[in-house]
Amino acid sequence: MSRAFVTRRIPDAGLDLLRRHLEVILNEEDRPVTRQELLQGVSQVDGVLCLLTDRIDGEVMEAARSVKGFANFAVGFDNLDIPEATRRGLPLSNTPGVLTDATAEMAWTLLFAVARRIVESDAVMRSGRWPGWGPLQFIGGDVTGRTLGVVGAGRIGQAFALKSRGFGMPVLYADERPNETLEKELGARRVDLETLLRESDFVSVHVPLMPATRHLVDARALRLMKRNAYLINTSRGPVVDEKALVDALREGVIAGAGLDVYEDEPRMAPGLAELTNAVLAPHTASATKSSRDGMALTAARNLVAMMAGERAPDCLNPQVYDRR
Ligand code: DGY
């Protein structure tokens with residue numbers, strides 16, 4: 001029976017599927033594997049189910065002598081060296097589709113939480129220091145009718161934007177490609193990033209991390225935003241220059257930020273944790289039961305296909321099959 005290495009426990013839906021087809025070697029500890037454990041683990045198996053916390057680069061692929069493919073338990077794939085895998089004829093896959101709504105919902109959760117100062121309010125209620133209702137307490141930002149800026153109108157950006165329907169928000173989006181659905185359904189306007197930053201009251205980031213998007217939101221971009229605007233990031237931490245964001249939040253360059261992702265996880269930029277105008281979630285945008293089960297099943301299906309020598313349904317580098 002072929003052997004698969006699963007680098008950390010995932011929901012049973014995926015493990016059960018894998019075990020029906022393969023012998024599973026599982027890192028039983030609820031922590032990412034160390035580099036050494038990763039290199040050793042991949043050297044003993046025929047396929048790998050890896051996580052966004054595992055860097056799958058040339059060194060790992062070199063150690064993975066018998067491996068027929070890597071199935072990533074994430075829709076993001078910045079932890080995978082795709083050109084290197086393609087050069088080696090190794091298929092890679094991700095988990096698109098199953099976490100779209102959960103991630104879009106998290107962006108809205110952060111948007112409301114930061115605009116309406118929910119975390120600060122919660123802290124006061126728990127502290128026993130709330131003196132009772134007051135006309136000047138916890139005044140936040142309006143949402144209805146305000147302009148929504150969506151950076152990256154792919155699957156998740158689109159789902160996020162469509163959920164604005166109940167709030168009557170003019171929608172701007174920045175993307176390399178026009179999004180007909182957003183234009184037709186919402187009358188959304190495609191603009192360049194600079195215009196979006198200048199005109200939006202809420203800027204939500206939904207681009208993949210790649211060289212062109214690293215620090216897409218930097219100090220200059222933050223200064224282009226309105227002083228009463230909010231930044232939401234559920235994509236990847238390095239898309240935002242986190243140190244610049246801390247400065248901007250501290251100096252009132254923008255009103256607030258809602259973050260699910262960080263530049264150097266699990267660490268945060270110095271000062272971020274002390275800011276009351278930042279709402280911080282621990283990279284949990286996809287953490288709903290159905291999304292995580294869906295991710296586990298999707299990754300498992302891809303791995304089973306790869307190991308059977310079949311085309312992985314969510315292959316990131318389908319060129320590897322053309323050469324066969
Ligand atoms: C992803 O899938 O890329 C998320 O960041 C984790 O679910």
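**View 1. Pairing of β10 with β11 in the predicted model****.** In this predicted model, strand β10, which spans residues 230-233, pairs with β11 in the parallel sense over four bridges. Within this pairing, Asn-233 stands opposite Leu-259 of β11. Both strands belong to an open sheet of seven strands with parallel pairing, ordered β8-β7-β6-β9-β10-β11-β12. The edges of that sheet are formed by β8 (189-190) and β12, each of which pairs on one side only. Strands of a sheet pair through backbone hydrogen bonds, in either a parallel or an antiparallel arrangement.

**View 2. Helices α5 and α7 across the strands β6 and β9****.** Helix α5 lies across β6 (148-151), β9 (202-205), β10, β11 and β12. The direction of α5 runs at about 150° to β10. Helix α7, comprising residues 155-162, lies across β6, β7 (171-174) and β9. Relative to β6, helix α7 runs at about 170°.

**View 3. The open sheet of five strands****.** The strand order in this sheet is β2-β1-β3-β4-β5, and the pairing is parallel. Because β2 (23-26) and β5 (92-93) stand at the edges with a single partner strand each, one side of each is left without a neighbour in the sheet. Strand β4, residues 70-72, is joined to β5 by two bridges in the parallel sense. Phe-70 has Leu-92 of β5 as its bridge partner. Helix α1 (residues 12-21) packs on the sheet, where α1 touches β1 (3-6), β2 and β3 (47-50). The direction of α1 makes about 135° with that of β2.

**View 4. Surroundings of the ligand****.** The residues around the ligand are Leu-52, Ala-74, Val-75, Gly-76, Leu-99, Arg-236, His-283, Ser-286 and Met-295. By class, this shell holds five nonpolar, three polar and one charged residues. Oxygen atoms of the ligand take part in the polar pairs shown here: a polar backbone atom of Val-75 is 2.7 Å from a ligand oxygen, a polar side-chain atom of Arg-236 lies 2.7 Å from a ligand oxygen, and a polar side-chain atom of His-283 lies 2.6 Å from a ligand oxygen. The ligand taken alone exposes 230 Å², of which the protein buries 90%.

**View 5. The cis peptide bond between Glu-265 and Pro-266****.** The bond joining Glu-265 to Pro-266 is cis, with an omega of about 5°. Pro-266 is placed in the loop between β11 (256-259) and β12 (278-280). Most peptide bonds, by contrast, are trans.

**View 6. The backbone at Arg-117****.** Arg-117 is not a glycine, yet its phi is positive, at about 55°. Most residues other than glycine have a negative phi. The loop that holds Arg-117 lies between α5 (100-115) and α6 (118-127).

Definitions and conventions
Residues are numbered from 1 along each chain as its sequence is written. This is a predicted model: local features need pLDDT of at least 70, side-chain atom pairs count only at pLDDT 80 or more; totals for chains, interfaces and linings use all residues. Side-chain values use heavy atoms; hydrogens and water are left out. A residue is near a molecule or strand if one of its heavy atoms lies within 4 Å of it. A polar contact is a pair of N or O atoms within 3.5 Å; within protein, one must be able to donate a hydrogen and the other to accept it, and residues adjacent in sequence count only if both atoms are side-chain atoms. Accessible areas come from the Shrake-Rupley method with a 1.4 Å probe; for residues, only the protein chains shown count as cover. Ala, Val, Leu, Ile, Met, Phe, Trp, Tyr, Cys and Pro count as nonpolar, Asp, Glu, Lys and Arg as charged, and the others, Gly among them, as polar. Two strands pair if DSSP finds at least two bridges between them. Contact means heavy atoms within 4.5 Å. Axes are lines fitted to C-alpha atoms, for helices over the stretch in contact, and angles run from 0 to 180 degrees between N-to-C directions.
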